[in-house]
Every structure is written in structure tokens, then in C-alpha cells.
Amino acid sequence: MTDLVPLAAVDPAIVDALLDRAFEPARRGRTAYKVRGQAAAIPALSFAAVEDGTPIGSIQCWPVAFTSDAGARVPLVMVGPVAVEPARQRDGIGRLLMEHALAAAVRAGLDDRLILIGDPEYYGRFFGFTAARTGGWRLPGPVERHRLLARGDAVPAGAGTLGPA
Ligand SMILES: CC(C)(COP(=O)(O)OP(=O)(O)OC[C@H]1O[C@@H](n2cnc3c(N)ncnc32)[C@H](O)[C@@H]1OP(=O)(O)O)[C@@H](O)C(=O)NCCC(=O)NCCS
């Protein structure tokens, strides 16, 4: 039985260790971390998957902002990292976490402005994220353009800068 609980219910050090196992410690230098800056994760959109009291997966969402070259500022939500304990991957837990966070985004009225950096083969196939609007975006670090994904009507399509909220 997998329970989904607010991420705040789990010791942050345990979540950090899980992220290190799912990715690699060098993850902290990634562009996604620069995009979100020093902001705290959005509590209502961040969860852990727990089995028998042990966290086996997590999802965090962050407030970020897009500033168009014309000067318009659009608040967006960056989804991820999504992490599943390596021994438990490909067992539906990633999808469970994503679906739970996406439902929470609907409740919060934020599902029209979601972005993430991740594999289109996963986030496109299961959750409808695409790179269609992100081609003109500048980020504070390198990004593979086909992995800069977004979903929702409020996502801007033009040229501009993505960065901390
Ligand atoms: C990517 C991740 C979150 C997916 O969660 P998961 O619980 O392992 O996967 P799920 O059980 O939800 O989904 C399984 C399906 O997705 C596919 N899938 C999983 N990861 C994939 C990826 N990176 N690219 C393409 N497809 C992927 C599987 O092939 C499987 O498809 P199938 O049902 O047709 O066999 C998890 O594997 C993980 O933490 N990986 C390491 C960290 C990472 O890369 N995170 C995402 C980058 S932002």
C-alpha cells in the first residue's frame, strides 16, 4: 500500500538522500536548480510516496517566473524533481506522484502554467507536456531544448527569460 503524504511530513534529509540515489549528487548544479533559485517548494504541490513508513518517492513543485522580452512577467510552476527509489522504479510510483501533484495543481488553480525539464518520452507520453512553446526561452544554464517542457494555456510562447519567482 502506497500512501501519498505532504512532503513536509517527511524529514528533509531523507528526501535529500532519496534524490541523491535517484539522480546523482551533482544534480545540485543542474539548470533546474538555478531556475528555481532560493525559493521554497510549494507545500500544496509537493508530496512523498510512503510505504510501511518508508519514503520511496517524492515530487516537488516550485514557483518560477517567465519575463518576456516585452517586459511581461508570468508566474509559472516548475514541476520536479520527481524521484523514485531505484529499486522501485517502473512500478507506477512516478505516475502516481505526478497524477497526485497535477490534481493538486488543478485544486490550486495552477494547472494552466506548468513547466519542467525532463524526458519527453515520459512527461509527454503520460502527462501531455510538450516543448512547443519553450523554443524562445532563455535559462540560467544549459538545457537540451527538447527536454524543456510545458503544459497549460497560461504558458507563454515567445522569447524571454525563465528564472526564480
Ligand atoms: C523517471 C521516474 C520518475 C519514473 O517513475 P517510475 O515510477 O520509475 O515510472 P512509472 O512506473 O511511473 O512509469 C513506467 C513507464 O514509464 C516509462 N519510463 C520511466 N522512466 C522513463 C524515462 N525516463 N523515459 C521514458 N520512459 C520512461 C517506463 O518505460 C514505463 O513504461 P511502460 O509502462 O510502457 O513499460 C523514475 O524512474 C526516476 O526517479 N528516475 C530517476 C530520476 C529521474 O530520471 N527523474 C526524472 C527526470 S526529471
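**Close-up 1. Aspartate 52, an exposed residue.** With 8 C-beta neighbours inside 10 Å, aspartate 52 counts as exposed (exposed means 12 or fewer other C-beta atoms within 10 Å of its own, buried means 20 or more, and partly exposed lies in between, with C-beta atoms placed from the backbone). You will find aspartate 52 in the loop between β2 (47-51) and β3 (54-68); strands are DSSP runs of E with at least two residues, helices are runs of H or I with at least four, and both are numbered from the N terminus. Although aspartate 52 is not a glycine, its phi is positive, about 50 degrees. Most residues other than glycine have a negative phi, and most peptide bonds are trans.

This is a predicted model, in which local features need pLDDT of at least 70, side-chain atom pairs count only at pLDDT 80 or more, and totals for chains, interfaces and linings use all residues. Residues are numbered from 1 along each chain as its sequence is written.

**Close-up 2. Arginine 90, in the loop between β4 and α3.** Here, too, is a positive phi in a residue other than glycine: for arginine 90 the value is near 65 degrees. Arginine 90 is exposed, with 7 other C-beta atoms within 10 Å.

**Close-up 3. A cis peptide bond.** Look at the step from glycine 80 to proline 81: this peptide bond is cis, with omega near 10 degrees. Proline 81 belongs to strand β4.

**Close-up 4. The shell around the ligand.** β4 (73-84), α3 (93-107) and α4 (120-127) each supply at least two residues of this shell. The most come from β4, which gives five residues.
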